[in-house]
Amino acid sequence: MTGLLELSEDFRINEKINTQVFRFFDEANKVISREISNLIRSATAEKKVVLGLSVGSSPSGIYDELINLHKQEGLSFKNVITFNVDEYYPIDPKQTQSYSRFMYENLFSHIDIQPENIHLLSGDCPADQVEAHTKKYEEDIKKAGGIDLLLIPLGKAGVLGFNSSGTSKDSKTRLVEIDRNTRIDAASDFFGAEFVPLHALTLGISSLYQSKRIILVAYSEGRSRPVARVVEGDISISAPATFLQNHPNIKLYIDEAAAQDLLRFKSPWVIQANVPLTIKWNPFLARKAVIWLSLALGKPILKLVDEDYYDNHLTSLVNSYGSAHDLNLKVFH
C-alpha cells in the first residue's frame, strides 16, 4: 500500500478511534510492548500496575516482546497485577486449549510476576459457584484499583472476548453461551466443533470499558472488515467493540493488511474534510483509483472519460496524467 501510510491526519476525519497503522504487525508489537513496559517501569510496591490481558495470536507476539525486555533489559513484573479477559467453560486449566495454560506458556512462566498477582477466570469452577466467582472477579479488579491498561484483540464481527453480537454495553463479568460462529472458528483447536465448550466466562463490555487505557489490536486481512466497522461505523450492539468509540483513552494498532477497508486506504479520494486534501499520486494509487472508478461506474477502463474522474473526486489524478485517455492506457497496459 505504498503511499497510503503517509497520508495526513485530515484523511482520518471519519475515524472514531485513534488508529495507528504499521506496515508489518511485528513493528506494531514492538511499539505496544514499549508502551506497556513504560507503564510497568512506573510501578512501585505501594502502587502496582494492573494489566488486563487476553489470549490469541496477536497478543502472543506482544508477550514475546515483553519477555525479551524482561530478559535483556531487566523489565520486572514484580509490581504488576494481571486480570485475564476470558476463559472457556468448563475446561481444565491444564488442558491444551485452556486460556490459563496459554498465559503461563506464553508469558507468566517466563517473567518474575508474583503468583498471587495473577488473576484468571476459573474454567473448572463448580457450576453452582460460577455467579459468585464472576462477581468476586469484578470486586477483585476494583480492589486492585481498576485496570490501568487493557490489551485486547479485535475479534471477527467486532467482538471483544466472548462478548458476541447483541451484547449490552452495560454487561459485566459473567457466564455466556459461545455462539455458533465462534465455535466453528475454534473447532480446529479442539479437533472438531463438537468438542468446543458450550460456554465461556468473560469480562463484559462495561467491565472492559472501565479500563483507564485500552490497546486494541487487529492484524491480517481477515480483520479488515471488522476494523472498518468498528473505526468508521456507528455504535451498535451488533458489533460490541463499537462501544469503545467513546472511550477517552483508546488506541487501535493494526497492520496494513487489516487497514485495507478503511476509507483512507480503500478510497481516500472520496473523503470530504474541512480542508483541501492532497494525494501524492503514484502508480500504485493511480491504478487503485482507476480500477475503483471503473467498478463504481460499471464502465471498462478504456471507456472512462475526463468527466467521470471530475465527478468522482479524482480531478487531481487525471490532471497528474494529462488526460483520462493517457491515464486509462497507462493503467490498462
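This is a predicted model: local features need pLDDT of at least 70, side-chain atom pairs count only at pLDDT 80 or more; totals for chains, interfaces and linings use all residues.

Two strands are taken to pair if DSSP finds at least two bridges between them. In strand 10, the bridge partner of Ile215 is Lys251.

**The chain as a whole**
- The chain holds 13 helices and ten strands.
- Its C-alpha trace spans about 70 × 45 × 35 Å along the principal axes.
- Of the 333 residues in the chain, 51% are buried.
- The accessible surface comes to about 16,000 Å², and carbon and sulfur atoms account for 51% of that surface.
- There are 36 positive and 41 negative side chains, and the centres of these two sets lie 2 Å apart.
- Among contacts between residues at least 6 apart in sequence, 75% join residues at least 24 apart.

- Seven strands form an open sheet with parallel pairing, in the order 1-10-9-6-2-3-5.
- Strand 1 (18–22) and strand 5 (118–119) are the edge strands, each pairing on one side only.
- Strand 2 (residues 49–53) and strand 6 (residues 149–153) run parallel and are joined by two bridges; Gly52 has Leu150 of strand 6 as its bridge partner.

**Strand 9 and its neighbours**
- Strand 9 is joined to strand 6 by four bridges, the two running parallel, and Pro153 stands opposite Val217 in strand 9.
- With strand 10, strand 9 pairs in the parallel sense over five bridges.
- In a regular strand the side chains alternate between the two faces of the sheet.
- Both faces of strand 9 are covered, with Ile214, Leu216 and Ala218 buried on one side and Ile215 and Val217 buried on the other.
- Strand 9 is largely enclosed by the rest of the structure, because five of its five residues are buried.

**Helices across the sheet**
- Helix 1 (residues 25–41) lies across several strands, including strand 1, strand 3 (80–84), strand 9 (214–218) and strand 10 (250–255), and runs at about 150° to strand 2.
- Helix 4 (residues 130–143) lies across strand 3 and strand 5, at about 150° to strand 3.

**A loop residue**
- Glu194 is located in the loop between helix 5 (180–190) and strand 8 (199–202).
- Glu194 counts as exposed because its relative accessible area is 58%, where exposed means over 50%.
- Glu194 and Ile184 are ten residues apart in sequence, and their C-alpha atoms are 9.1 Å apart in space.

Notes
Residues are numbered from 1 along each chain as its sequence is written. Side-chain values use heavy atoms; hydrogens and water are left out. Contact means heavy atoms within 4.5 Å. Axes are lines fitted to C-alpha atoms, for helices over the stretch in contact, and angles run from 0 to 180 degrees between N-to-C directions. Buried means under 20% relative accessible area, exposed over 50%, partly exposed in between (1.4 Å probe, protein chains only). Accessible areas come from the Shrake-Rupley method with a 1.4 Å probe; for residues, only the protein chains shown count as cover. Lys and Arg count as positive and Asp and Glu as negative; His and the chain ends are not counted. The place of a charge is taken as NZ of Lys, CZ of Arg, CG of Asp or CD of Glu.
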